[in-house]
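Good morning, and thank you for joining. I shall present one structure today, moving from its helix packing to some individual residues.

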Amino acid sequence: MAGGYAIELAVGRPLREHGDIDVLVLRRDHLAVQEALRGWEWWAADPPGVLRPWRPQEVLPAGVQDIWCRPAHDKPWQIQVMLDESSGQEWVSRRNLRLRRPIAALGHTSADGIPYLAPEIQLFYKAEDPRPKDEHDFTDALTVLGSRQRDWLRVALADTYRNHPWQRALGEFPDRRRATKTPAGTPGLSEEDGTEHRPRRQSAAGSGGGG
């Protein structure tokens with residue numbers, strides 16, 4: 001799970017209404033979406049914003065980052081799949097190739113057995129162009145982020161967006177430790193680190209921020 005639902009699973013309670021379900025899938029595994037949603041309609045969002053049918057067994061090019069899915073042509077969109085990158089056993093952010101994490105530490109599992117994206121990673125994607133609901137998600141998630149998660153997000157924002165307004169809020173929390181660094185000087189992540197982009201008809205390519 002990704003998007004606003006990932007934030008809710010991290011916080012542990014419902015926060016707001018959602019228009020669809022967001023799911024994060026590594027690009028290397030994206031054909032599994034067709035197997036999981038057999039019988040559904042799948043539409044790829046080709047840049048700069050054109051929706052077109054995703055053909056069975058078609059390997060999508062790197063520029064396609066979003067897939068919209070619905071049970072039938074006369075049904076509303078229900079699932080948006082956001083594709084992200086990987087290298088070996090590492091997740092690699094499509095927004096900043098310096099941001100990496102072991103795939104095994106990409107997310108968590110709720111008490112009900114639902115896997116969800118680490119909230120600091122979801123907030124990083126929401127931070128590119130935050131909407132009011134993204135601001136609410138940030139405020140709600142901030143209360144449950146551990147110090148390592150806050151440090152990771154703060155460093156990631158500084159490295160990617162320079163002076164992002166969320167950096168100040170992250171830095172105001174007490175008991176804050178320095179973010180670890182990789183040899184290349186990028187935000188370091190260990191497997192101990194805890195951790196909605198709805199379809200917009202005017203911009204079908206989507207930003208991957210999550211809804």
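Let me begin with how helix packing is expressed: axes are lines fitted to C-alpha atoms, for helices over the stretch in contact, and angles run from 0 to 180 degrees between N-to-C directions. Helices (H or I, at least four residues) and strands (E, at least two) are DSSP runs, numbered from the N terminus.

What we are viewing is a predicted model, in which local features need pLDDT of at least 70 and side-chain atom pairs count only at pLDDT 80 or more, while totals for chains, interfaces and linings use all residues. Residues are numbered from 1 along each chain as its sequence is written, and side-chain values use heavy atoms, with hydrogens and water left out.

I start with the pair α3 and α5. Their packing angle is about 25°, and their axes lie 9 Å apart. The two helices are therefore roughly parallel to each other; the convention is that angles under 35 degrees count as roughly parallel, over 145 as roughly antiparallel, 65 to 115 as roughly perpendicular and the rest as oblique. The crossing of α3 past α5 is right-handed. As to the term, a crossing is left-handed if the near helix is turned anticlockwise from the far one by less than a right angle, and right-handed if clockwise.

Which residues of α3 and α5 meet? From α3 they are Pro119, Glu120, Ile121, Leu123 and Phe124, and from α5 they are Gln149, Trp152, Leu153, Ala156, Leu157, Thr160 and Tyr161. Contact here means heavy atoms within 4.5 Å. The residues of this contact divide into nine nonpolar, two polar and one charged. In that classification Ala, Val, Leu, Ile, Met, Phe, Trp, Tyr, Cys and Pro count as nonpolar, Asp, Glu, Lys and Arg as charged, and the others, Gly among them, as polar.

Helix α3 also packs with α1, at an angle of about 145° and with the axes 9 Å apart. This crossing of α1 and α3 is left-handed. Gly3, Gly4, Ile7 and Ala10 of α1 make the contact with Pro119, Gln122, Leu123 and Lys126 of α3. The contact of α1 with α3 comprises four nonpolar residues, three polar and one charged.

How far is α1 covered? It is mostly covered, with seven of its nine residues buried, where buried means under 20% relative accessible area, exposed over 50%, and partly exposed in between (1.4 Å probe, protein chains only). Those buried in α1 are Gly3, Gly4, Ala6, Ile7, Glu8, Ala10 and Val11. They pack against β1 (21-26), β5, β9 (115-117), α3 and α4. Just after α1, Gly12 takes a positive phi of about 95°.

I turn now to α4, residues 132-142, whose buried residues are Asp134, Asp137, Phe138, Ala141 and Leu142. Seen down the helix axis, these fall within an arc of 125°, so they line one face of α4; the arc is that of the directions from the helix axis to the C-beta atoms. On the other side of α4, Pro132 and His136 are exposed. The buried residues of α4 pack against α1 (3-11), α3 (119-126), α5 (147-161) and α6 (166-171).

Returning to α5, this helix holds Asp151, which is buried with a relative accessible area of 2%. Asp151 and Gln167 are 16 residues apart along the chain, and their C-alpha atoms are separated by 9.5 Å.

Finally, the loops. Gln78 sits between β4 (66-70) and β5 (79-87) and counts as partly exposed, at 33% relative accessibility. Its C-alpha is 6.1 Å from that of Ile21, although Gln78 and Ile21 are 57 residues apart in sequence. Leaving aside neighbours within four places in sequence, Gln78 is in contact with Asp20, Ile21, Trp40, Cys69, Arg70 and Pro71.

For the backbone, recall that most residues other than glycine have a negative phi, and most peptide bonds are trans. Pro47 and Pro48 are joined by a cis peptide bond, with omega of about 5°; Pro48 belongs to the loop between β2 (41-46) and β3 (50-53). Gln57, in the loop between β3 and β4, has a positive phi near 65° and is exposed at 52% relative accessibility. Arg162, in the loop between α5 and α6, has a positive phi near 65° and is exposed at 59% relative accessibility.
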